[in-house]
Amino acid sequence: MERIDVDTLVIGWGKGGKTLAGALGRHGRTVAVVERSSEMYGGSCININCVPTKDLVHSAETRRDGDDPQSWFTEAVAGRDALIDKLRARNHAMLADVDTVTLIDGEARFTGPNQIEVTAGDDRLSVTAKSIIINTGTIPARPDISGADGPRVHDSTTIQHVQPLPERLIIVGGGYVGLEFSGMFANFGSRVTLVDRGDRLIRREDPDVAAAVHALLEESGVEFVFGAETERIEDAADAASVTVRIGDRTRTLEADGVLLATGRRATTDALGLDAAGVAVDERGFVVVDEFLRASVPGVFAVGDINGGPQFTYVSLDDYRIVLGQLNGGGSRSTADRVAVPSTIFLSPPLARVGWNETRARESGRSVLVAKKAIADIAAMPRPKIVGETHGLIKMIVDAETDLVLGATIFSIDAQEVVNILALAMRAGVTASELRDGIWTHPSSTEALNEVLTDLRPL
């Protein structure tokens, strides 16, 4: 068996790991990066998650009623694939061009605290490293439902290449993935039915925000079945039937395709973590401290696999934390993360940072709230210009300090406006300063000039 020694070994090509590998390699450290799939160079965000799905969302948004759904979807998928091929090649070159970085194709498995064995067919390679970064991410979870492995059943990865476009699509699960794909496929022309066990959409959001999202998707043609547990999926000659239980009765739904959007699970099963003594939690995620150190010295976990928020930009922050640890003297930790925003890429997007109104009420603090429908914001003509006036903006402000405690932006450009508000929260910019800010026109940011003039006690 061939053996190599490196300063740092990265298992998996996700955002945090690949950025670490590049930074360390460019500073003369020897680095090995192990990836089991040539289709995952660059990580899941580039290849199967964030970028390709948002590319499809955009393509779906631009389809008009006269456009043939199947042809439009086929062209959209081809465009998605062309984009991802370019990004994957670029990401591979970013590390392949660094002399001190060795790229290894194969399956990694720990054989000791600082050693792994890589398997690729009959080939075996032993790699020893001073530090090891686990960066293997997550994969879609398959629920324990009879028939979940049927030919018409998909996860968030496989449905991106479904053919033909389902005329009828059932989506099981109303989280981020379920909502985004509901809007996407409805805009492509599918008749979408979303099945969720809850009594309404996105229960972590305020009821009025959830109602606005519900109305948007319903207007797009999405039907909803709430309070429903999916019991089984059966495949027939020309359709799949999904049986759900609602209280004490059952209902059977038929569709040409089924998407299981029921969460994601850890990918630690095949890593042999027991051999290294690396602890995992009850869900299989690597247990880490605030500096992302695993239970074994020299082993770190970055990205989704450490059980933190499953966002690419959080994985990038993981890189900063671990780089500080590897270079010595790094003080950055997960405790430094303040006002981290998130976005559900509906059409238009729903973004939030910090508190919502529900959290504000529960806090008992003296707060002010401003809320306005996008269609009613006179100082924000951009939505009217582009013909997308769905949504609303809500701002939560501390009544004593005038500091922003949170914001919900359901509007075009929400993914950008929320970043400005997150920065304001970190920097201590007051609501009054945002209200009186000088913003470009026409833009979505200038909505702050109007919305924040109407703050009222909660």
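Five strands make up an open sheet in this predicted model, in the order β8-β15-β9-β10-β11 and with parallel pairing; strands are DSSP runs of E at least two residues long, helices are runs of H or I of at least four, and both are numbered from the N terminus. Two strands pair if DSSP finds at least two bridges between them. β8 (153–154) and β11 (223–225) sit at the edges with a single partner strand each, so one side of each has no neighbour in the sheet. Further in, β9 (residues 168–172) runs parallel to β15 (residues 257–260), joined by four bridges, and V172 stands opposite L260 in β15.

Then there is T19, which belongs to helix α1 (residues 15–26). T19 counts as buried because its relative accessibility is 19%, the cut-offs being under 20% for buried, over 50% for exposed and partly exposed in between (1.4 Å probe, protein chains only). Setting aside neighbours within four places in sequence, T19 touches L316 and Y319, a contact being heavy atoms within 4.5 Å.

Residue numbers start from 1 along each chain as its sequence is written, and side-chain values use heavy atoms, with hydrogens and water left out. As the model is predicted, local features need pLDDT of at least 70 and side-chain atom pairs count only at pLDDT 80 or more, while totals for chains, interfaces and linings use all residues.
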